[in-house]
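Hello,

Here is the structure we talked about. My notes on the ligand site follow below it.

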Amino acid sequence: MANAAPSLTLNNGVAIPQLGLGVFLIPPDETATAVATALDAGYRLIDTAQGYQNEEGVGEAIARSEVPREDIFVTTKLVNGQHGYDRALAGFDASVKRLGLDVIDLFLIHWPLPMFDQYVDTWRAFEQLLGDGRVRSIGVSNFKIEHLERLADETDITPAVNQVELHPQFPQEELRRYHDAHGIVTESWGPLGQNRGLLDDARVAELAEKKGRTPAQVVLRWHIQIGNVVIPKSVTPHRIRENIDAFDFELDDVDMETFTDLNVGRRLGPDPNEFDLV
Ligand code: NAD
């Protein structure tokens, strides 16, 4: 099957599919099956992390798939305990081994952990990996504007991506404006609201009914139309297929207004300035 999601172009010219499979909380022994289902359904972006402990399953599905490696965009993330220049390089080597890949398409700093003040050194290691051709692009996750500004002041390369919690209840408008002004692609995590009520909201259900789509599809369509990369997670085959089937319809301005009303300005996950789990 052809790639069912169009691509965006990162600030280094690399193309990234606009929708992919997130594999957070997919048990290691179920990951290869979920990734294989996604590849069969047309997904070409897989988002894992060292902390998810399922990189091997991602690699296994890619190795077994008939989809050529170069058609698949693989993201992984440096686990919090590996901050610092040398540890980040060692952490990258471990990921490459577990994934069974020579090159990773996108490597992200998972969380900034500003209380430990190491993310600038970590980013210098990421710049080194990029210079050495071991990654095709480098980015960050859960960075606030102040963290991005510090990288801009003290390092050379602008992150290609910032992957952050983002959904209609927490749309991160100010951060998105900053990204747009600096050529950083916004990637939404928790895009469906992590199964905590968003998809059951009557306003989402009503819009879905009007469009002849599912609540998940209209929410994913909103992410796509605001220009984000989006990585919904599912292990259920029919949902995996449903989630990528969001590219053949459009939300008009009135439809998009529905989502404005859903903004509660509250995160589901931790504030990046407070999250210190290593
Ligand atoms: P999500 O919003 O994608 O929610 C996933 C849940 O939504 C599923 O477990 C399922 O219960 C439900 N769901 C999925 N498809 C559905 C459908 N079609 N209909 C109804 N319900 C459906 O939340 P997430 O998994 O937290 O986020 C997605 C991905 O983002 C993760 O898998 C991971 O790759 C990434 N992520 C990154 C960070 C980070 O710190 N960078 C944090 C969390 C998640």
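The ligand has 26 residues around it, and Asp47, Ser141, Asn142, Leu192 and Gln194 come nearest. Near here means that a heavy atom of the residue lies within 4 Å of the molecule. This is a predicted model, so local features need pLDDT of at least 70 and side-chain atom pairs count only at pLDDT 80 or more, while totals for chains, interfaces and linings use all residues. Residues are numbered from 1 along each chain as its sequence is written, and side-chain values use heavy atoms, with hydrogens and water left out.

By class, that shell has 11 nonpolar, 10 polar and five charged residues. (Ala, Val, Leu, Ile, Met, Phe, Trp, Tyr, Cys and Pro count as nonpolar; Asp, Glu, Lys and Arg count as charged; the others, Gly among them, count as polar.) Helix H9, residues 237–244, gives the largest share of the shell, three residues. Helices are DSSP runs of H or I with at least four residues, numbered from the N terminus.

Now the polar contacts, meaning pairs of N or O atoms within 3.5 Å. A polar backbone atom of Gly190 is 3.0 Å from a ligand oxygen. For Lys233, a backbone N or O atom lies 3.1 Å from an oxygen of the ligand. Asn195 uses a polar side-chain atom, 3.2 Å from a ligand oxygen. The protein covers 90% of the 830 Å² of accessible area that the ligand has on its own (Shrake-Rupley method, 1.4 Å probe).

Where does the ligand sit? It sits in the largest pocket, with more than half of its atoms within 2 Å of the pocket's grid points. A pocket is an open set of points on a 1 Å grid over the protein atoms alone, where a 1.4 Å probe fits, with protein on both sides within 12 Å along at least five of seven lines; lining residues have an atom within 4 Å of a point.

The lining has 45 residues, and Phe24, Leu25, Gly190, Gln194 and Lys233 lie nearest the pocket centre. H9 gives the most to this lining, with four residues.

Best wishes

How values were computed: A polar contact is a pair of N or O atoms within 3.5 Å; within protein, one must be able to donate a hydrogen and the other to accept it, and residues adjacent in sequence count only if both atoms are side-chain atoms. Helices (H or I, at least four residues) and strands (E, at least two) are DSSP runs, numbered from the N terminus.
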